[in-house]
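Good morning, colleagues. Please keep the sequence and the structure in view while I go through selected local features.

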Amino acid sequence: VFIRFYDPVVSETGPGISNASSFGDFNLILRLGLEAGVILGIVYGVVDIFLDQQWLRKRSYGSVLLIKSAIHLVIIFSLSIWIRIEAFQMMGMEITPESMQSELADPGILIVLFYTSFVNFMINFIRQITQKFGPGNLTKFLTGRFHKPKEEARIFMFLDMKDSTTHAEDLGHVKFGELIQDCFSDLTVIENRKAEVYQYVGDEAIIYWEVGRGLQNSNCVMAYFDYMEQLNHRKAYYLAKYGIVPEFKAGLNLGQVTVTEIGDIKRDLAFLGDTMNTAARIQGLCNEYQVDILISESLNQQLPESISLKRTLVDRLALRGKQRTIGIYSIGLN
């Protein structure tokens, strides 16, 4: 509204109005603009919630942008017409087919459509890029937070599919690839537990938390059980499509890691250090101890007490390449 109509110079059409006498008072235009902004924001939010469902998540970034942009364009156009009708009514002007036809041909509508479409495209583009890098990581790249290596505390979970080799042989590589897609699509439930995905490596996902977020409400552990519940909820789908219900095992550890940006051809965020190696080795012990989830002693010591979680010391051992022993704990729901 300000770009289109505001002029600080007092002219014959009135103070603060530039070539907009047919639209009435500038304050009226501004009010309508604010109304449109609120309505458009709410509608955008509702549409995005509706569109961000399973069927759209599996489409390419380009098709997602096109679908959302097309739907938003229809919404913007409809809203523009509604605003003009409301403006006519406020100014006591008669609404006729001829007047509406004239308004539809007004270049002002094209300006609104171009502006809102551009902003809409940029919002969706940034959202898709954010989804690619993970929540918050785009800002870290732009601000150069980890351009130089830094040491920070993190909680890591190594999540690995059980019997993946057998599943790949039984299903074939293409069908197994679809299974992995479905499994990691369902992994979005861990967002509610403030988790971030570091990497997908074959049938394995590496997930991490900032320490405070991971310990809060035992998010780092509950994320695993939420995921297992989601897979069980979709049991009928997996059985019908693949003949199996996928299961996962997990190993968790808390400790210091070095965080830095790496690469020139492809820029990425890397976590380096013994904390990750230990988490991977703990996950590898799940089969040996016949449990689904194991956590390290360092995480167990800081994990808040919870009546819903049962923790049991499984063993004290020196992991490969280590001299000192650490405690390994299994964890389950009461």
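Leucine 299 touches Ile155, Leu215, Cys220, Leu252 and Leu254, leaving aside residues up to four places away in sequence; contact here means heavy atoms within 4.5 Å. This is a predicted model, in which local features need pLDDT of at least 70, side-chain atom pairs count only at pLDDT 80 or more, and totals for chains, interfaces and linings use all residues. Residues are numbered from 1 along each chain as its sequence is written, and side-chain values use heavy atoms, with hydrogens and water left out.

Which residues touch the most other members of the largest nonpolar core? They are Leu159, Ile207, Tyr227, Phe248 and Leu299, in a core of 42 residues. Helix α11 gives the most to this core, with 9 residues. A nonpolar core is a set of buried Ala, Val, Leu, Ile, Met, Phe, Trp, Tyr and Cys residues joined through side-chain atoms within 4.5 Å. Buried means under 20% relative accessible area, exposed over 50%, and partly exposed in between, with a 1.4 Å probe and protein chains only. Helices (H or I, at least four residues) and strands (E, at least two) are DSSP runs, numbered from the N terminus.

I turn to helix α8, residues 164-171, where Ser164, His167 and Ala168 are buried. These three cover an arc of only 100° around the axis, which puts them on the same side of α8; the arc is that of the directions from the helix axis to the C-beta atoms. Their cover includes β1 (150-161) and α9. On the face turned away from the buried side, α8 carries the exposed residues Thr165, Glu169 and Asp170. Just after α8, glycine 172 takes a positive phi of about 90°.

Next comes a helix pair. The axes of α9 (residues 173-186) and α12 (residues 235-242) come within 11 Å and cross at roughly 170°. That makes α9 roughly antiparallel to α12. Angles under 35 degrees count as roughly parallel, over 145 as roughly antiparallel, 65 to 115 as roughly perpendicular and the rest as oblique. Axes are lines fitted to C-alpha atoms, for helices over the stretch in contact, and angles run from 0 to 180 degrees between N-to-C directions. From α9, Lys175, Glu178, Leu179, Asp182, Cys183 and Asp186 meet Tyr237, Tyr238, Lys241 and Tyr242 of α12. The residues of this contact divide into 5 nonpolar, no polar and 5 charged. Here Ala, Val, Leu, Ile, Met, Phe, Trp, Tyr, Cys and Pro count as nonpolar, Asp, Glu, Lys and Arg as charged, and the others, Gly among them, as polar.

Most residues other than glycine have a negative phi. Asparagine 217, although not a glycine, has a positive phi of about 55°. Asparagine 217 lies in the loop between α10 (211-215) and α11 (219-233) and is exposed, at 58% relative accessibility. Glutamine 290, likewise not a glycine, has a positive phi of about 55°. Glutamine 290 sits in the loop between α14 (286-289) and β6 (293-296), where its relative accessible area of 74% counts as exposed.

Apart from residues up to four places away in sequence, serine 330 touches Val291, Ile293, Leu294, Lys310, Arg311, Thr312 and Val314.
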